[in-house]
Amino acid sequence: MNLPYELQVGWRYLRAGKGGRRNAFISFISGVSMVGIALGVAALIVVLSVMNGFQREVRDAMLSAIAHLEVTRWDGLGVEDWQPLAQQAQGLPQVAGVAPFVSSQALLARGEDMRGVMVRGVLPEHEPKVTPMAGKLAPAVLNELQPGQWKMLIGQELARQLGVQVGDALTVMAPGGSVTPAGVTPRLRSFKVAGIFQAGHYEYDAGLVMMHLDDAAKLFRTGGASGLQLRLHDLHTARAVADQLQPTLGPDWRVRDWTRANPTWFAAVQVEKRMMGIILTLIVAVAAFNLVSTLVMVVTDKQSDIAILRTLGASPRSIQAIFIVQGAFAGVVGTLSGVALGLLIAFNVDVIVPAIEGLLGAKFLPANIYLISQMPSDPQRGDILPIAFISLGLALLATLYPSWRAARVQPAQALRYE
């Protein structure tokens with residue numbers, strides 16, 4: 001192959017492990033630099049993939065209990081005739097399901113124990129269309145919510161905290177009160193626990209109560225549904241659909257997507273992921289800049305070779321290209337090896353972590369502390385490609401000073417004592 005001699009010489013310098021102890025040592029240092037780049041890239045890919053996995057698991061658990069979009073009135077009034085609004089929303093091709101709801105905060109009491117909860121009034125025949133959690137419940141359990149029966153479903157963690165089981169009675173205290181001759185008295189209502197659900201998200205398992213929409217409307221005096229819940233075919237289009245739906249409904253309506261339901265948590269995860277990426281990128285940078293010392297040693301060792309090439313007509317730019325090629329090869333090999341190793345670990349975390357746990361006799365994610373008991377992983381192209389490009393860029397940057405120094409070698413001085 002008629003490759004440029006700069007490529008051939010640069011590749012030969014990279015893999016030259018023979019010809020004396022000094023050449024072997026330089027080759028060893030070069031190999032260590034490539035291994036360092038590979039390990040740094042692999043660590044960055046694995047860590048970001050695991051963080052993506054955690055974010056996905058928590059997001060999916062949250063979206064099993066809430067809808068992708070909520071449509072409510074700005075003034076907080078109820079929507080007695082919600083069917084026309086539901087038909088209008090159902091006309092969008094992105095919408096998979098629509099259901100009315102009533103939402104309000106309340107106090108839940110059993111004896112002296114009281115908990116603040118979010119009460120959601122639902123229609124049993126419509127709710128499974130918008131929340132997967134309701135779809136997982138047995139139809140007989142969900143159908144227990146009938147108007148006028150004053151029954152409710154509570155989360156598993158809330159049931160554990162209050163020590164209640166199916167069939168027990170709980171008292172719901174609604175906001176506001178009733179004006180009587182004796183003064184303002186709280187509005188109380190006794191409900192029977194008809195079932196216990198598990199959303200997989202602590203916030204909803206410990207703070208969500210479901211009852212029939214008509215019972216909730218009477219209890220909180222909303223005059224009808226608080227609004228509509230919408231389920232989309234693609235959760236990532238929620239904000240775009242909200243922006244599309246808002247102008248058609250008018251200024252009296254508010255459309256809120258799921259990303260605004262818990263913005264603090266999502267913002268914290270993004271900041272943590274960004275900072276972790278910066279910290280681990282420094283590891284890749286340290287490994288990449290090890291190439292500087294390696295190439296400086298090569299330049300010092302190959303001064304006579306450089307002088308001979310210069311006397312044969314090689315330009316300073318060609319000499320510089322030789323050592324850039326050597327460093328670039330090391331960066332490419334290290335980066336590709338790191339990407340391969342990182343993806344291998346990231347796609348097999350569910351196998352590797354249990355094996356390590358069995359070997360050490362420890363549990364990394366106790367189920368009674370964390371939301372999930374298995375280490376999740378979600379490698380994404382949007383993370384892997386920037387990691388690879390940054391690694392290659394740092395490796396290329398590390399070659400600039402040694403190659404510039406090689407180009408400044410004077411043939412007469414280098415060959416004076418040869």
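The following conversation asks what lies behind several descriptions of this predicted model.

Trainee: Why is Ser 49 counted as buried?

Mentor: Ser 49, a residue of helix α2 (residues 21-63), has a relative accessibility of 3%; buried means under 20%, so Ser 49 counts as buried.

Trainee: Which residues does Ser 49 touch, once those up to four places away in sequence are not counted?

Mentor: Ser 49 touches Ala 346, Pro 376, Ser 377, Asp 378 and Pro 379, and the C-alpha atoms of Ser 49 and Val 349, which are 300 residues apart along the chain, are separated by 9.8 Å.

Trainee: What makes α10 roughly parallel to α14?

Mentor: The axes of helix α10 (residues 263-301) and helix α14 (residues 381-398) come within 8 Å and cross at roughly 30°. Angles under 35 degrees count as roughly parallel, and therefore α10 is called roughly parallel to α14. The crossing in which α10 passes α14 is right-handed, and by class the contact of α10 with α14 has 12 nonpolar, 2 polar and 2 charged residues.

Trainee: Which residues of α10 and α14 meet?

Mentor: On the α10 side they include Lys 273, Thr 281, Phe 289 and Leu 295, while on the α14 side Asp 383, Ser 391 and Leu 397 are among them.

Trainee: At what angle do α10 and helix α12 (residues 316-346) pack?

Mentor: They pack at an angle of about 145°, with their axes 11 Å apart, and α10 passes α12 in a right-handed crossing. Leu 291, Leu 295, Val 298 and Val 299 of α10 make this contact with Phe 323, Gln 326, Gly 327 and Ala 330 of α12; by class, the contact of α10 with α12 has 6 nonpolar, 2 polar and no charged residues.

Trainee: Which residues of helix α11 (residues 303-311) are buried?

Mentor: The buried residues of α11 are Ser 304, Ile 306 and Ala 307. Because they cover an arc of only 160° around the axis, they lie on the same side of α11.

Trainee: Which residue just after α11 takes a positive phi?

Mentor: Gly 313 does, with a phi of about 110°.

Note on methods: Residues numbered from 1 in each chain as written. Predicted model: local features only at pLDDT ≥ 70, side-chain atom pairs only at ≥ 80, totals over all residues. Heavy atoms only, no water. Buried < 20%, exposed > 50% of the residue type's maximum accessible area, 1.4 Å probe, protein only. Helix = DSSP H or I, 4+ residues; strand = E, 2+ residues; numbered from the N terminus. Arc of directions from axis to C-beta. Contact = heavy atoms within 4.5 Å. Axes fitted to C-alpha atoms, helices over the stretch in contact; angles between N-to-C directions. Parallel < 35°, antiparallel > 145°, perpendicular 65-115°, else oblique. Left-handed = near helix turned anticlockwise from the far one by under 90°. Nonpolar A, V, L, I, M, F, W, Y, C, P; charged D, E, K, R; others polar.
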